[in-house]
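Open the model in your viewer and keep the selection panel at hand.

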Amino acid sequence: MTDHEDPVFYQRALVRTLLAIAAAHGFLVLIYRGVVPGILPIQAEEWYTCYIIEESLSMDNLFAFYMVFLYFKVPTVSQERVLRWGIIGAVIMRATMISAGAVMIRSFHQVLLGFAAVLIYQGFKIARGDGGGDDGSDETDLADSWILRFAQAVVPVTTDYDGDRFFTQRNGQVVATPLMLVLMVIELSDVVFAIDSVPAAFGSSEDPVVIFTANMFAILSLRSLYSVVAHAVDDLPYLETAIGFVLVFLGGKMLAEAAGIAVSTATSLGMVFVTLGLGAAASVAKHRGWAFRNSAEIKHI
């Protein structure tokens, strides 16, 4: 039994995830009370919408982490270090792209139209199932990935893991372990996901302080949330589709506002909640349907 399958380990990860989410809601209360420098109380709904969107996109990021670990058969004991560095990379990448995006928007407000196009394209791609899926093709997709080919071309890699070390010695020569290759794939994946994440954030707010703090609170739960995702990855088949529809909505909202049609923050927040809720509910219903059918078949036998 791996750590992720251990009920006690899973319960602890769930508690840590809930604590991180509680911390985010505590920060939201502070915004409402006007005690957070740089964020006004009227921006509370804006901040919360951004946080919910980034938290849901983080789930997609974690599904990718899970598939990378599965493909490379990374021992559970070695995953901790990669996750830690992967999350640090996510923080740096988000901060860099948020800063660059804010500068671009101040100089060229039309860049939001480019962000909208990215969101709509990626949203439809994810909703159709091209961004991943449960059809068993993920392993083949990863093997053909340009990220994997690039990482393998950069550094020579040994075939054996050496605990949680990224480098080891073979015949007097320092070479990378497969864990280093895994880290490279994860970090390059962070770049790809930031391309979705940052435009989505600018779809709910143009304030870099709001976007950065919402991103950081979403990332805060990533480590423990990964353990939850790894445990329940097969139980939420429709969540990724729901995330795709959220991205399409945000892209449409940005286009509408560029055309002079105002879309309230409350409307955006409600749309995000309803869409993700329907995705989760449909997943649970499908899972229970399978369980009911299996139970009926067993009784029939």
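Helices (H or I, at least four residues) and strands (E, at least two) are DSSP runs, numbered from the N terminus. By that rule the protein chain has 11 helices and 2 strands. Colour by secondary structure and follow the order: α-α-α-α-α-α-β-β-α-α-α-α-α.

This is a predicted model, in which local features need pLDDT of at least 70, side-chain atom pairs count only at pLDDT 80 or more, and totals for chains, interfaces and linings use all residues. Residues are numbered from 1 along each chain as its sequence is written, and side-chain values use heavy atoms, with hydrogens and water left out.

**Whole chain**

Show the surface. Its accessible area is about 15,300 Å², and 65% of that belongs to carbon and sulfur atoms (Shrake-Rupley method, 1.4 Å probe; for residues, only the protein chains shown count as cover). Of the 301 residues in the protein chain, 46% are buried. Buried means under 20% relative accessible area, exposed over 50%, and partly exposed in between (1.4 Å probe, protein chains only). A contact means heavy atoms within 4.5 Å. Take the contacts between residues at least 6 apart in sequence: 77% of them join residues at least 24 apart.

**Ring pairs**

Now select the aromatic side chains. Rings of Phe, Tyr and Trp (its six-membered ring) pair if their centres lie within 6.5 Å; planes under 30 degrees apart count as stacked, over 60 as edge-to-face and the rest as tilted. How many aromatic pairs does a search of the whole structure find? The search finds 6.

Pick F27 and F217. This pair is tilted, with 4.8 Å centre to centre and 35 degrees between the planes. F27 is buried because its relative accessibility is 15%. F217 is buried too, at 17%.

Next, select Y48 and Y51. Their ring centres are 6.3 Å apart and their planes at 25 degrees, so this pair is stacked. Both belong to helix α2 (residues 44–72); being 3 residues apart, they are separated by about one helical turn. Y48 counts as buried at 13% relative accessibility, and Y51 at 2%.

Ring pairs link F27, W47, Y48, Y51, F217 and F273 into a cluster.

**Second largest pocket**

A pocket, on a 1 Å grid over the protein atoms alone, is an open set of points where a 1.4 Å probe fits, with protein on both sides within 12 Å along at least five of seven lines; lining residues have an atom within 4 Å of a point. The second largest pocket holds about 580 Å³, a volume filled by probe spheres set on the points, which are joined across faces, edges and corners.

Select E55, M59, L225, L236 and L239. Of the 25 lining residues, these lie nearest the pocket centre. Elements giving two or more residues to this lining are α1, α2, α9 (222–232), α10 (239–258) and α11 (265–300). Helix α2 gives the largest share, 7 residues.

**Two single residues**

Go to D207, in the loop between α7 (178–202) and α8. D207 is buried, with a relative accessible area of 18%. Leaving out residues up to four places away in sequence, D207 touches G38, Q43 and E46.

Finish at A282 in helix α11. A282 is partly exposed, at 32% relative accessibility. Draw a C-alpha to C-alpha line from A282 to L239: they are 8.5 Å apart in space and 43 residues apart in sequence.
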